[in-house]
Amino acid sequence: MPIINVPSFLQTKLENKSEIYMEEGYIYQHINKLIEINPELNEILLDKNNNLRRFIKIFINGKDIRFLNSEKTFVKKDDQVTILTAVAGG
């Protein structure tokens, strides 16, 4: 089963889990599944057009989905998915 590594900023929204196991499928299906678990994630992860927010980065096996098939990237059974947020400041 694919494993989604949940960053600390989302763990409180997902029952304090650091990992969530999902079935094979497209990354957009996994995003929607996370939103089903906690609808508050919709506003955090997606913009008003239901696109992944610019500051949310998703990696599959260390590869940024933006350089694969974006939200239509297929996640296979042994894949590791990592969700990160871009950090800015000064």
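## The hairpin of β4 and β5

In the hairpin of β4 and β5, 2 residues lie between the strands, and Asn 61 takes a positive phi near 50°. Strands here are DSSP runs of E with at least two residues, helices are DSSP runs of H or I with at least four residues, and both are numbered from the N terminus. Most residues other than glycine have a negative phi. Asn 61 is not a glycine, yet its phi is about 50°. At 44% relative accessibility, Asn 61 counts as partly exposed; buried means under 20% relative accessible area, exposed means over 50%, and partly exposed lies in between (1.4 Å probe, protein chains only).

Two strands count as paired if DSSP finds at least two bridges between them.

## Basis of the model

The structure is a predicted model, in which local features need pLDDT of at least 70 and side-chain atom pairs count only at pLDDT 80 or more, while totals for chains, interfaces and linings use all residues. Residues are numbered from 1 along each chain as its sequence is written, and side-chain values use heavy atoms, with hydrogens and water left out.

## Overall fold

The chain contains 3 helices and 7 strands. Their order along the sequence is β-α-β-β-α-α-β-β-β-β. The chain has 90 residues, for which a compact globule would have a radius of gyration near 12 Å; the value for the chain is 12 Å, which agrees. This radius is taken over C-alpha atoms, and the globule rule is 2.2 Å times the number of residues to the power 0.38. Along the principal axes, the C-alpha atoms fill a box of roughly 35 × 30 × 25 Å.

Of the 90 residues, 36% count as buried. Among the contacts with a separation of 6 or more, 46% join residues 24 or more positions apart; a contact means heavy atoms within 4.5 Å. The accessible surface is about 5,900 Å², and carbon and sulfur atoms account for 48% of that surface. Accessible areas come from the Shrake-Rupley method with a 1.4 Å probe, and for residues only the protein chains shown count as cover.

Strands of a sheet pair through backbone hydrogen bonds, either parallel or antiparallel. In this chain, 5 strands form an open sheet in the order β2-β1-β7-β4-β5, with mixed pairing. The edges are taken by β2 (19-21) and β5 (63-64); each has a single partner strand, so one side of each is left without a neighbour in the sheet.

Strand β1 (residues 3-5) runs parallel to β7, and 3 bridges join the two. Within this pair, Ile 3 has Gln 80 as its bridge partner in β7. Strand β4 (residues 56-60), by contrast, runs antiparallel to β7 (residues 80-85), with 5 bridges between them. In β7, Thr 85 is the bridge partner of Ile 56, Leu 84 stands opposite Lys 57, and Ile 83 stands opposite Ile 58. Strand β4 is mostly covered, with 4 of its 5 residues buried.

## Ile 83, a buried residue of β7

Ile 83 belongs to strand β7. Its relative accessible area is 5%, and therefore Ile 83 is buried. When residues up to four places away in sequence are not counted, Ile 83 touches Ile 4, Asn 5, Pro 7, Leu 10, Leu 34, Ile 56, Lys 57 and Ile 58. Ile 83 and Ile 56 are 27 residues apart in sequence, and their C-alpha atoms are 7.1 Å apart in space.

## Residues in the loops

Ser 70 is placed in the loop between β5 and β6 (74-75). Its phi is near 50°, a positive value in a residue other than glycine. Ser 70 counts as partly exposed, at 29% relative accessibility.

Glu 15 lies in the loop between α1 (8-11) and β2. With a relative accessible area of 59%, Glu 15 is exposed. Glu 15 and Lys 76 are 61 residues apart in sequence, and the distance between their C-alpha atoms is 24 Å.
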